[in-house]
Amino acid sequence: MACTFLSKPICYSFSNQFEFQKRNALALLWFMRSLSKDAKNNGQARRKTLVILGTGWSGYSVLKTIDKKLYDVIVVSPRNHFLFTPLLASTTVGTLEFRSIIEPVRNTGFRDSTHYHLSYATSLDAEAQRIHCTSVLKPSHQYSLHYDLLVLGVGALTNTFGVPGVQDYAFFLKEVADARKIRNRILSNFELSVQPNINPDESKRLLHTVIVGGGPTGVEFGAELYDFVEQDVVRLYKQKSDDIRVTLVESNKILSSFDSRLQAFAEKKIKQRKGFNIVQSSVTEVASDSVTLKDGTVIPCGLVVWSTGLAPREFTKSLKYAKNRSGQVLTDRFLRVKDEPKQNVFAIGDCADIEEMSLPCTAQVAEREGRYLTKFLNSSCDEDKTGAFEFQSLGMLAYIGRYQGLSDTPQLKIKGVASWFLWRSAYLTRLGSWRLRMQVPLDWTKTLLFGRDISRVE
């Protein structure tokens, strides 16, 4: 009995001791493996910090495709979304809704939620490898970030050429906020024109829009405005449809970068439209109710949309690097900034220009530069693996209204309805996500079936 009594506690004690030793052995093994892993990581180079300034075509292209296993990617931009700019003009009259052409930057996925900063880059200390920033939400909050590699993709501003009144009275078309302002002004002018006791001359002034600049942005805005007038205004403001005027002011030829035959076709179609006119001149002053041309002609108007070239941002101006005559930062064929001895600063998109291969400031160029730079960075900047940047244009597309477009590509140059179909198809496939690829066709269908939304929302 005693033996039986004693045997159970003794066996139980041995069992506990065995389990205890087993757990200790496993813990020690885990600890040794951790030490080995840490030693291995310490023996290798730490993950470098890549800071991207801007979320336009160039910066967003890098962000989407960079290997985040190789880099801690930090983005600094006053805009927390990517904007599909080729369709921006469509939002000014309600053909598309604003949120149908923007993709939140955070959807790309960050290693850490603090790796995106809704801020402006204000200055660069290249020697200390620090970028100084100011918060958009709280301007008094200023700070700096360290970088190992820096990508400048801050874009550019619309060039006013120093014309008096442009900053105060003209509307630009580069951001969603610009398109919203234009949309509200158009609707305000129409509503004001039908209110009691409005002078007929004042009503005509309100309904006169002047577009300054005959590039793709100016022409496509005019096309969207024409569709709005032809399809919706005649139904909703039919008593005022005869008073609508649109004047496109261009000092040279409209769509000058397109094939001459396509250019002539667009010009012919625009001039055939009732109330639409092309004036070959330049604007010398913009007032609250008119524009003045080079020859002294004063054109009364209710809206001025200004789309004439690009100018550098203040941040770009502050950089001490070599620049071209337009104020763009010069780079080599690997998109590295000239005069940067550390070769760890890159510049892409509208804020930059390749010294040996100057390219136009288009979304296509910016995106392709971003994709190349990603490849270069993912290869640890191995020049032999990637080679120098090369660019071959895929062509240009433009919408001119009434379901007609222009397609100027190396393979074909077409115009009319077939080109409009190509224009829509190409842009639909280039949208940043499947959500947008679903949303945009829904907006187009809604507009076709029910007309444009003319709600005025501040």
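What pLDDT does the protein average, and what share of the residues score at least 70? This is a predicted model, where local features need pLDDT of at least 70 and side-chain atom pairs count only at pLDDT 80 or more, while totals for chains, interfaces and linings use all residues. Residues are numbered from 1 along each chain as its sequence is written, and side-chain values use heavy atoms, with hydrogens and water left out. The average pLDDT (the predictor's confidence in each residue, from 0 to 100) is 91, and 90% of the residues score at least 70.

**Stop 1**

Select residues 1-18 first. Their pLDDT is below 50, and the stretch has zero contacts in the model beyond near neighbours in sequence; contact means heavy atoms within 4.5 Å. Now pick residues 34-44, where pLDDT also stays under 50 and the model has zero contacts beyond four places in sequence.

**Stop 2**

Helices (H or I, at least four residues) and strands (E, at least two) are DSSP runs, numbered from the N terminus. Two strands pair if DSSP finds at least two bridges between them.

Select residues 116-125 (E5) and 130-135 (E6): the two strands run antiparallel, joined by six bridges. Click on tyrosine 120 and you can look across to threonine 134, its bridge partner in E6. The hairpin of E5 and E6 has four residues between the strands, and there glutamine 129 takes a positive phi near 55°.

**Stop 3: two helices**

Show H5 (residues 176-193) with H7 (residues 216-236). Their axes, lines fitted to C-alpha atoms over the stretch in contact, come within 13 Å and cross at roughly 40°. H5 is therefore oblique to H7, since angles under 35 degrees count as roughly parallel, over 145 as roughly antiparallel, 65 to 115 as roughly perpendicular and the rest as oblique.

**Stop 4: an open sheet**

Finish with the open sheet of three strands, ordered E13-E14-E15 with antiparallel pairing. The edge strands, E13 (283-286) and E15 (298-300), each pair on one side only. E13 and E14 (residues 290-293) pair over three bridges, and glutamate 285 has threonine 292 as its bridge partner in E14.

Technical notes: Axes fitted to C-alpha atoms, helices over the stretch in contact; angles between N-to-C directions.
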